Amino acid sequence: MPHDAQMQQLIAAARGAMTHAHAPYSRFAVGAAVRLTDGGIVTGCNFENASYGLSLCAETVALASVNAQGRLADVEAIAVLGGAMDGGAEALVTPCGRCRQIMNEAEQMAGRALAIHCATPGGERILTFTLAQLLPHAFGPADLGIGPQTKS
């Protein structure tokens, strides 16, 4: 599948995940999708909590699901999009700082640079970043002497 088609498929999966967001407090839904090296896609959406600090971001949910499947070393690309649940203005959403750190963990454990596609909910605007662009000088597993996972 060509790169653009893969990116569009990943963004569409994130858009689908966004529809399942539990965001009754902020009314801001976010969806994320992670493409694995075999082409599989794992999604996540934000999950808010009345105790705001316990809320989970879509990117973290998706990457935790990937890890629960034992596939963290297989992460290849991530798409994220979000917007107001009332259908307000289309904004291009980028990952928050916490999510960037979680993505850094996935990138270092996978041993490959991840493409991070950020899009408006309708897909009119798409920007692709490297993690180094989003989180320069990141602290991660390599700083602790831990390298990419190896499959046995």
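Guide: Cys 45 counts as buried in this predicted model, because its relative accessibility is 17% and the limit for buried is under 20%. The number of disulfides in the structure is zero. Cys 45 accordingly has no disulfide partner, and the nearest cysteine sulfur, which belongs to Cys 57, is 11 Å away. Cys 118 is likewise in no disulfide, with the sulfur of Cys 99 as its nearest cysteine sulfur, 11 Å away. A disulfide requires two cysteine sulfur atoms within 2.5 Å. Cys 118 is also buried, at 0% relative accessibility.

Cys 57 is among the residues that lie nearest the centre of the largest pocket, along with Val 30, Asn 46, Glu 59 and Cys 96. The lining of the largest pocket comprises 18 residues, and its volume is about 250 Å³. Three elements, β1, α2 and α3 (97–110), each give the lining at least two residues.

Of these, α2 has a buried face to account for. Ala 58, Glu 59, Thr 60, Ala 62, Leu 63 and Val 66 of α2 are buried, and the elements that cover the buried residues of α2 include β1, β2, β3 and α3. After α2 comes Gly 70, with a positive phi near 75 degrees.

The loop that follows brings in the charged pairs. There are three salt bridges by the rule used here. In general, side chains of opposite charge can pair when their charged atoms come close. The side chains of Arg 71 and Asp 38 form one of these salt bridges, at 3.0 Å from N to O. Arg 71 sits in the loop between α2 (58–68) and β3, and Asp 38 in the loop between β1 and β2 (41–45), so this pair links distant parts of the chain, 33 residues apart. Asp 38 is exposed, with 53% relative accessibility. Arg 71 also has a salt bridge to Asp 74, where the closest N and O atoms are 2.6 Å apart. Asp 74 is buried, at a relative accessible area of 5%. Through shared partners, Asp 38, Arg 71 and Asp 74 are joined into one network.

Another of the salt bridges is between the side chains of Glu 76 and Arg 35, again with an N to O distance of 3.0 Å. Glu 76 belongs to strand β3 (residues 75–84) and Arg 35 to strand β1 (residues 28–36), so the bridge ties together parts 41 residues apart in sequence. Arg 35 is buried, with a relative accessible area of 5%, whereas Glu 76 is partly exposed, at 25%.

Glu 76 has a further neighbour in Ala 113, which touches both Glu 76 and Glu 107 once residues up to four places away in sequence are left out. Ala 113 is in the loop between α3 and β4, and it counts as exposed at 62% relative accessibility. The C-alpha atom of Ala 113 is 8.7 Å from that of Ala 132, a residue 19 places away along the chain.

Thr 120 is buried, with 3% relative accessible area. The side chains of Thr 120 and Glu 124 make a polar contact at 3.1 Å. Setting aside residues up to four places away in sequence, Thr 120 touches Leu 81, Glu 90, Ala 91, Leu 92 and Arg 125.

Two backbone details remain. Most residues other than glycine have a negative phi. Arg 27, in the loop between α1 (3–18) and β1, has a positive phi near 60 degrees. Arg 27 is partly exposed, at 46% relative accessibility. His 137 is not a glycine either, and has a positive phi of about 60 degrees. His 137 is in the segment after α4 (131–134), and counts as exposed at 81% relative accessibility.

Notes:
Residues numbered from 1 in each chain as written. Predicted model: local features only at pLDDT ≥ 70, side-chain atom pairs only at ≥ 80, totals over all residues. Heavy atoms only, no water. Buried < 20%, exposed > 50% of the residue type's maximum accessible area, 1.4 Å probe, protein only. Polar contact = N/O pair within 3.5 Å; in protein donor to acceptor, adjacent residues only side chain to side chain. Contact = heavy atoms within 4.5 Å. Salt bridge = Lys/Arg side-chain N within 4 Å of Asp/Glu carboxyl O. Helix = DSSP H or I, 4+ residues; strand = E, 2+ residues; numbered from the N terminus. 1 Å grid on protein atoms, 1.4 Å probe; cavity = no way out; pocket = protein on both sides within 12 Å on 5 of 7 lines; lining within 4 Å. Points joined across faces, edges and corners; volume = space filled by probe spheres on them.
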